[in-house]
Amino acid sequence: MKTPPVPIAVFISGRGSNFSALLDAQRRGRLRRGRITLCVSDRPQAQGLETARQAGVETLVLPDPSDGNAILRDLHARNIGLIALAGYIRLVPPEVVQAYRGRILNIHPALLPAFGGKGFYGIRVHQAVLASGTKTTGATVHIVTEEYDQGPIVLQRKVPVKPGDTPESLQARVLRTEHRIYWRAINRVLRRLG
Ligand code: GRF
């Protein structure tokens, strides 16, 4: 008998291009064992919420993103089995990390552990990469633990730094790679979880 797909919640704070890429992967039948059923945001004006509405995915705006027990109630009520952070800028409360141990993923626009941790977000990551002079950066999907950007790595892909790159051009190149790896990482984790 075929097991039913694991309900997935995607957490966003803004644009949500990774969320869109996940929805696209789902439409193409690439998300093998999961189904995106919920889009959660800490910000009512997050662009990605509109994407969710258009795709017929339920949306939820958190009145208090630090209230772990309230978030857990919302997730449990919807049977959520996996959380994918996609540009979610808030800290996931410890109650949620504990309850979903090994089932929360995050995508980061660099080759962790390099250029990760507190302060490394958004364009700053790419500014730091360029300032370091490295010729290779990339994207990482990892399991979320209590420590910022430090959980076990699920999938990583390299992206070249090219001569003449600006933080913005590098960010755009890395983002395209993020879109290609996130659904693969989710498949990998769901496969492992069985
Ligand atoms: C991505 O670069 C992701 O790696 C980081 O935040 C950005 C979110 O972009 N965590 P988007 O909202 O998915 O377009």
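A residue counts as buried when its relative accessible area is under 20%, as exposed when that area is over 50%, and as partly exposed in between. The legends below use these words for a predicted model.

View 1. Read from the N terminus, the elements follow the order β-α-β-α-β-α-β-α-β-α-β-β-α. The radius of gyration of the chain is 16 Å, close to the 16 Å that the globule rule gives for 194 residues, so the chain is as compact as a globular protein of that length. Taken along the principal axes, the box filled by the C-alpha atoms is roughly 50 × 35 × 30 Å. Of the 194 residues in the chain, 47% count as buried.

**View 2. Arg101 and Glu146 form a salt bridge between two loops.** In this pair, the closest N and O atoms are 3.0 Å apart. Arg101 lies in the loop between α4 (94-99) and β5 (104-108), while Glu146 lies in the loop between β6 (136-143) and β7, so the pair ties together parts of the chain that are 45 residues apart in sequence. Arg101 is partly exposed, with a relative accessible area of 46%, and Glu146, at 38% relative accessibility, also counts as partly exposed. Elsewhere, salt bridges with shared partners link Asp24, Arg27 and Arg28 into one network.

**View 3. Asp74 and Arg78 meet in a salt bridge.** The distance from N to O in this pair of side chains is 3.7 Å. Arg78 has a relative accessible area of 27% and is partly exposed, and Asp74, at 23% relative accessibility, is counted as partly exposed as well. A search of the whole structure finds 7 salt bridges.

**View 4. Six residues, Arg30, Arg157, Lys162, Arg176, Arg180 and Arg184, form a positive surface patch.** The element that gives the most to this patch is helix α6, spanning residues 167-193, with 3 residues. Lys162, another member of the patch, is placed in the loop between β7 (153-160) and α6. The relative accessible area of Lys162 is 43%, and this residue is therefore partly exposed.

**View 5. Val144 is a buried residue in the loop between β6 and β7.** The relative accessible area of Val144 is 11%, which is under the limit of 20%, and so this residue counts as buried. Ala172 stands 28 residues away from Val144 along the chain, and the C-alpha atoms of the two residues are separated by 24 Å.

Conventions. Residues numbered from 1 in each chain as written. Predicted model: local features only at pLDDT ≥ 70, side-chain atom pairs only at ≥ 80, totals over all residues. Heavy atoms only, no water. Patch = residues over 30% accessible without salt bridge, like charges linked within 9 Å, V, L, I, M, F, W, Y side chains within 5 Å. Areas by Shrake-Rupley, 256 points an atom, 1.4 Å probe, with all protein chains shown as cover. Salt bridge = Lys/Arg side-chain N within 4 Å of Asp/Glu carboxyl O. Lys, Arg positive; Asp, Glu negative; His and termini not counted. Charge placed at Lys NZ, Arg CZ, Asp CG, Glu CD. Helix = DSSP H or I, 4+ residues; strand = E, 2+ residues; numbered from the N terminus. Buried < 20%, exposed > 50% of the residue type's maximum accessible area, 1.4 Å probe, protein only. Rg over C-alpha atoms; globule rule 2.2 N^0.38 Å.
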